[in-house]
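Have the model open as you read.

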Amino acid sequence: MPELDFVSAPLWQKTLAARPRNDDHYGQRERLRVSYLAMRDNAAVLLAENARSMPEFTVHDISHVDALWETASLMCGDQVGLNPAEAYVLGCAFVLHDAAMGAASYETSVPDALGQQRWRDLVSVAYFHRKGCWPDRAELDTPPAEIAEACQATAIRETHAEQARKLVDQPWPSSTGNEIFLMQDVQLREAYGPLIGELAASHWWSVDKLADRFRTAKGSLTWQPADWIIEPLKLACILRLADAAQIDSRRAPTFLFSLRKPQGIAREHWRFQEHVSRPHLDGDRITYTSLRPFLPHDASAWWLALDYLRGVDQELKKVDALLHDLGHRRLAARAVARVDSPERFAELFPVSDWRPIDATVKVSDVPALVETLGGEQLYGKEPEVAVRELIQNAQDAVLARHAVEADASEGRIDASLTAAEGSWYLEIRDNGIGMDEETLVHGLLDFGTSGWSSTRIRNRLPGLASGGFQPAGRFGIGFFSVFLLGDQVELISRRYDASVADARRLTFDGPAHRPLLSPLPAGGRAAAGTTVRVKLKMNPYDIQGLLRRTSDDRLGQLIRRLVLENAVPIRIWEPDATQPDTIPPFALATGAPEEVFDRLYPPLMDSWRAGQEKQRLQLRDAFVERATELVDGSGRRIGLATLWTDLNYQGQGNFSGIVPVNGFLADQTMAFAGYLAGQPSRASRDKATWWQIRLRFVSGCAPRNNSFATSGTSVTRSKWNWPARCTVRSTASRTTSLFPLQQRACSVRSMSRHGPHSGQKSSWPQAQMSLPGPGHRRSITTCRDGTCNSPTTGSSSS
């Protein structure tokens, strides 16, 4: 855009353009005009710095500000006019609204401006999305360069509107020690500065918020004509629409595209805006066109153009509805032409050598999708899965509260099974972080989206990452498993820092129906935290009921089988119990071998099972003697196991190997006894990857003699015996291995896995586990094609 081309825009000409001295309001108008031009000149330098911080973004310099005068003129048409005071305030808001899209606009660093809590939360989410796991404290303090750069860009984008509000009063020191302000006229800055800052920030708000913040008109200054009244709502609407609609080739110059070489979605924005000609108004429709067709390699840019202009269309319609409902004069532009279908859009944005067909995946019936995927179809006929998911959600909520509230009371989870009016109810209650209405709607009910990894939720709970919170939930579907238990579900939640009046009640009548969100009934009370209560579709004591896998028909046995480690005490209330059975916090990674065994294979308390308990204790002694400890590169235990056959020959019983995911039962196998930590291999988490590695041996893993080993399904005797502990690291290119293994004595040679055995959910490991004599920890050696090689001599055992 040519320098000062904005002065030809109709809106400028009617309000702030230079007038002859005999103009009735020459002095007042000239003061505003000169002040605006001086502010524009100062801001041009600041805006030019945006490209340093956001090089992949389309142009956000002074040319974009100038173009807004033209686009605003298009929005207003002949229906809406402005007086010079309104034009001055609107123009200054034009200048500021994107002025903070670069680090130069921040008095301190971007992380400091954002705040360390929010910055850490941002890094945490970015790390999770890129790496698939949550960062530790060291990684939060010094994230990888690519994550830090991405977070800075995100932080600037998220905070630029709020930072723009501050720029009116922000001084910059000159080389001589004086202060430089963007708006030099002190009286105008003090009078209009707060309103200009609010308007500049408002382009990032929702349309609904505009009516609440800008309902009142502002009178003229004492030295201005009395009718120079400012209507902030009108200005806010013009600003947001002009900013959204100002897209054309001026914002994506071809040569600049070649120099910056934007990638990903930024590249598509550049490519489609390169094609766009200057828009014009046809009736009440803004019409965009492209002079040159989109070739097949630019098809994604064409679709992005359609999606973006559909977004502009929605903004125009929302603003028009707002002004109409409030009785304000409506703007001339009220929709975007021909975005209702790809075929009609192609008339304005032609394509060459391809045809746009809208074949995107659509979900027209979300409740039906949830009904199909959220219960039995995803998890199978395993109702106890819902208990696991609900307890895990409750534990995450408690840990989240302790991360953001240093003096939070002791966390707890209560699980109860009760009968009332001929029906059975399961209730899971926690005193955790709780949820407000926003979180319920956009977190819990957003099927398939994990709220903990959502920037929206993290912004509502600043400090989660700083508090060391690492949630177990990751798929965003766990809550919907509750429909395995029954269709009638009630959820009551109150955020930890909210009043009782802010508590919300969410009721479901099956996944196929829309839930009902409401405040608590009059006189109702809710403690901080969340309670989920479900009416069971089947008696829990029936053969296919909730307790079918228990030997004593007790909820406690079921939960102990599902929850193998917990950071929060779990109180279990059996029907008609006056005191709870409490499961204290326990960690598999730090528990003594006998404690781990008791947690994996709990004691049998019934008197009639005394013989079985005696046998269990004998097997526990054998497990303590023979179990192999596996640790990762940081020295943290990730498994404690021995060959299943080595225990099984001593007695009958269920001592299957357990594969927990985040401390909760996910899979079992007959390959070993004990546990190996795993990763879920699908969203239902009823299958888990627990061992996918072959190991080669390096120095520090010297073998001893006389040990057992297994390869495939057979148990063989090897002459090799291994030291107390052998740690492993991953050298494979795949990143889906079971453990976060790091360098120590042993290293991963390659990745493989055998097919599943009949009746089992997991695969056999293609590895050899050696079992030395009493008091030694065990390791694993390489098995290749049925042959297990020794690292020391190169000999093998078959």
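## Strands and salt bridges

Aspartate 414 stands opposite arginine 429 in strand E7. Helices (H or I, at least four residues) and strands (E, at least two) are DSSP runs, numbered from the N terminus. Before going on, please note that this is a predicted model, in which local features need pLDDT of at least 70 and side-chain atom pairs count only at pLDDT 80 or more, while totals for chains, interfaces and linings use all residues. Residues are numbered from 1 along each chain as its sequence is written, and side-chain values use heavy atoms, with hydrogens and water left out.

Strand E6 (residues 413-420) and strand E7 (residues 423-430) run antiparallel and are joined by eight bridges; two strands pair if DSSP finds at least two bridges between them. Two residues lie between the strands of this hairpin, where glutamate 421 takes a positive phi near 55 degrees. E6 also runs parallel to strand E12 (residues 570-573), with four bridges joining them. There, isoleucine 413 stands opposite isoleucine 570 in E12.

Now to the charges. Side chains of opposite charge can pair when their charged atoms come close. A salt bridge here is a side-chain nitrogen of Lys or Arg within 4 Å of a carboxyl oxygen of Asp or Glu, and by this rule the count comes to 44. A network of salt bridges links Arg412, Asp414, Glu427, Arg429, Arg533 and Arg571.

| Pair | Closest N and O atoms |
|---|---|
| Glutamate 315 and arginine 240 | 2.9 Å |
| Arginine 330 and aspartate 320 | 2.8 Å |
| Arginine 560 and aspartate 581 | 3.0 Å |

Glutamate 315 counts as buried (under 20% relative accessible area, with exposed over 50%, partly exposed in between, 1.4 Å probe, protein chains only) because its relative accessibility is 19%. Arginine 240 is buried too, at 7%.

Arginine 330 is partly exposed at 28%, whereas aspartate 320 is buried at 15%.

Arginine 560 in helix H22 (residues 555-562) and aspartate 581 in strand E13 (residues 581-583) are 21 residues apart, and their pair links distant parts of the chain. Arginine 560 is partly exposed at 25%, and aspartate 581 is partly exposed at 28%.
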